[in-house]
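Please look at the sequence and the model first.

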Amino acid sequence: MHKEASEFEPCWDILRSAMTDIHKKNAGSLSFEQLYRASYKIVLRKKGGDLYERVKVFEEEWFRDHIMPRISELITNNLINVALIQAPGTSLHERRQMGEKFLRGVRDAWKDHNMSMNMIADILMYLDRAYTVETKQPSIFAATISLFRNHILRNTLSSSQEQFNHDFIVFDILNAVVLDLINMERDGDIIDRNLLKQITSMLEDLYETDDEIGDQRLYLRVFEPRYLQASRAFYRQECEKLVRESDAGSWLRHCRRRLNEEKDRCGTTVSLLTSEKIAKVVESELVMAKLAEFLAMEGSGLKVMIDNDRVEDLSILYELIARVDPSMTPLKGTLQSRIMELGLEIEKNLKNTDFSAPSNGGGADGEEAAETAEKSKAQPLTAAAQQTAAAIKWVDDVLFLKDKFDNLWTNCFREDLILQSAITKSFSDFINMFNRSSEYVSLFIDDNLKRGAKAKTDAEVDVVLDKAIVLLRYLTDRDMFERYYQKHLAKRLLRNGSDIDTEKDMVSRMKSEMGNAFTSKFEGMFKDMELSRDLSENYRDHIRQLGDVDTQKIDLGVHVLTLTTWPPEVMGRSTTQEDASKGQCNYPPNIKRLQDSFFKFYLKDRSGRVLTWVGSAGTADIRCTFPKVPGKETGPLSKERRYELNVSTYGMIILQLFNDLAEGESLSFEEIQAKTNIPPQDLQRNLASLSIAPKARVLLKEPASKSVKPSDRFSFNSGFVSKSIKIKAPTITSISKVEGDEERRETEKKNDQTRSHTIDAAIVRIMKARKQFGHTQLTTEVITQLANRFKPEISLIKKRIEDLLGRDYLERVEGEPNVYRYLA
Amino acid sequence: MDSGTDFCTGFVTEIAKARNQDEFTDFTLTCGPDRFPVHKLVICTQSKVFRAACTGQFKEASTGELDMPEDDPAMVARMVEYLYSGKYEAAEVAETWISPEPETPLGDASSGVTIPETQRLTPIRIHARMFALADKYDIRGLQLHASEQYEKLATTIRAHQLLDSIPDVYDLTPESVRRLRDKAVMAARLAPEGELDHALGNPTLRKKTARATADMFRAVGERNPEFLKDLVASYIVVSSVRNCNYCAAIGKPQLQPMKATDYRCVTCGETTSKSSLQKRYAPRR
């Protein structure tokens, strides 16, 4: 034992002198094996504890004598002043020089110490394995590396200066210098990033205690909190400055740049451990802190970005908000209110134009014409056409707005689902706030389909149809739309004014969007048209076979329309008071014969049916001959002129009256009306078409004013001249156009009636299934069932329930005031 | 044999071949008169000590040579053999290594580390020494291998041979390294029984043998008191050791600690020998 003990000192001597050499960087000639063996032997001889302690003592002494003086030298009073109390009077450059010099000194000391400790830990490897681990002490490396923490970083400097009323440690200076340098870089200075990185790595390698517990790195425990705190202060200040001096656009770019910078800084200067935390700091201090102020900025805020399609700004904004608030609340609100504003603006613009518009066919006054000229550069339009133009403009504007926001959504908002539903909701809201939206959408489709088949390519029509469907999706009052569309479609079909394939395409799109029930009427109309075509063919064949050659050679084309699928206006069943008395008009005898013949033919296969002739809906092609005007030897008037005139059925009846009239005779409005029994309004329109429009002025009017009055007289215009053979008399009608206020109330009233019935049916259906049901649930259920057609008003539902109670469909349950029972 | 195993076998063979032909060797271990050219990759991946020597900033790293003046060349040769093949030869041969004069005061002629001039080492002692060498250079695989070999051999040899290896086991590693010590103690507990078996049916011889065995233990105990301490501690923890057929059947060592009262296996809980005991002591009908 004695001998073994005596072996310790020689071994320790070897080790000690080797450790000195290592610190002095003279290790190159040392034999690792010899040193390892020396420590191995000591441990084998059970002297590991002694060795452990001696190494620690040796290192502490070395530290005290050789390293501390070097560091202390660097900590000048000047440095302390600058770092801890930001004493004025030092230039930025000076401050940086001084700070970097200090850090460099710390870094060098650390590098040396770290390297030496690694080498010493290598030669003492057996000590760690067989002694330190067994006795659960910190490894020799941990125990010696931490000297740096205890003796340098935590070295208390009791400064001689009076301005410090408390002691401070070197670590404070180190942190302050690092943070100062980083702030310099943030302000645009160039600093020694590598140096800072080495310092922060050092802090990552050092722990609070020798146990080296992962989350007790000095970096995480001491440096990082201060770094975040300093950054927070920096960005808070910067944000305040920006909100005072800058605009939202440059703020956005600044935020983006700062976020990228901080991310880079974590890689190059501090530690990646901090990336997320520093990002949060920037997000909260720079992005969120004044977000509302920036978004509300006059001239550069969110409103301006949206209005001017500042795609880049909005993209950045989206990215920033997506980082901090995935629910998009700040963006969503403004976006929605802006859509509402813009949507209501569209409506307001229209309303300004619409106010002076007359309900129908009257002459346009000057004021309105002026407005029309403003609105479109085209020729002054008729009042009705203006209405259509207004509708088209509304739809176009809405679609334009929609395109704009779709565009922003795709290009800036990364097709964010939350924003999509927000945008959709706002569109739906303002569209449905506008009480003519259903009508206008239908009019828009009408306009495009009417002209579409001729002027537009399939692809263009396709786009239009798509857009129409987009708008359709927003509408809540779909029953209203159905009503208008039915009316417009009827007009197009009867006038043959559109491409039937396109029509069917549109309807099938609606079908897939809104279901079978919605389009059943439209499909019925298509079917009627097809059957009618066949019917007309068959009738012609039938006549030919009969050999009953009509001397007048009247060719008949008939549309047999099912009463329920076609709109009542077209079917001549208008419910307006003045038209209630309207009976059948008087057809000329030749036409009457034809009608009877067709009716007979029709009933052959379908006995028991009733046909009503609707004069207001048909057209007739009339071949007219205008005799040579006496006294004219040259020009078109010198010859006999034949024209094919296309007029409405009423027009045909009117013109036939003049066939029987002698030259120079005339008929008054009342006379015509008495003879034909055409409803006065229709008559007025048709006479206007034949006597006012220069293109087809085959009748002369006395007096020759621009509107038809009941007192006017009409005569045959023998001097009529036209360049084309085929002439179409212009239709002056209100049916396919925008409604006037009067008609509009009418339509709404009708619609409300239909709605009442629909609600009745829904209530009865529900009660039949439930037998007994509470008021609130019933209301909810009704709304759910009808959601696809329209949004019923609660008061209306209540009224209908009361009505049904009165009609003994339902009864109240005794004792439970809000519960109803179904009565079979 | 799958391709993975093929690959490993082939790989090992090729690397061993490269050493034999001194190809690509980049480091040399020297020991007494012997030089062992080796590959850093092979030795450093298996030993942190060699790794530190090769990568550190000491002399060895620059000279490419590590001298082991106080290790037994025959043992170092076995260590290198193990590093390249995963095993070593331990047949009994005449060891004729002459220890050099210590270069430093480190050497101590009477310490267990130093080897007498000429010595015949039994295989069991070779294993014990290989274990110590593995511990010194931190070669885990070799430590495991040597201790397994030691254990295997320990139960098959005579008591005096086993006790011969005790100084090697107790002197060459620190107390904290338990693996081999535990195995040696366990083997030592079984050894007397083996000795006495030779004297079955001969009470006189049995008595004599018992006395001789006890003397052997006493002698070793004087030389290595820690061994005796461990032996006593072992009896306290495990009072009895028997063959357990259940454990043997599932691939564990057949020798298992047993409760002294009912011979229940501590490891598997079964009473293997119960039936045989019952049979043996059943009253005759």
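Predicted model: local features only at pLDDT ≥ 70, side-chain atom pairs only at ≥ 80, totals over all residues.

Modeller: Residues are numbered from 1 along each chain as its sequence is written, and chains are lettered from A and ligands numbered from 1 in the order in which they are written.

Colleague: Which helix of chain A supplies the largest share of the side that touches chain B?

Modeller: Residues count as in contact if their C-beta atoms, placed from the backbone, lie within 7 Å, and the contact takes 25 residues from chain A and 22 residues from chain B. Helices here are DSSP runs of H or I with at least four residues, numbered from the N terminus, and helix 1, helix 2, helix 5 and helix 6 of chain A each supply at least two residues of that side. The largest share, nine residues, comes from helix 2 of chain A.

Colleague: Which residue of strand 11 of chain A is the bridge partner of A:Gln772?

Modeller: Strands are DSSP runs of E with at least two residues, and two of them pair if DSSP finds at least two bridges between them. Strand 9 (residues 772-774) and strand 11 (residues 816-822) of chain A pair in the antiparallel sense over three bridges. Within strand 11 of chain A, the bridge partner of A:Gln772 is A:Arg821.

Colleague: Which residue takes a positive phi in the hairpin of strand 10 and strand 11 of chain A?

Modeller: Strand 10 (residues 810-813) of chain A pairs with strand 11 of chain A in the antiparallel sense over four bridges, and A:Val813 stands opposite A:Glu816. The hairpin has two residues between the strands, and the residue with a positive phi, near 85 degrees, is A:Gly815.

Definitions and conventions:
Contact = placed C-beta atoms within 7 Å.
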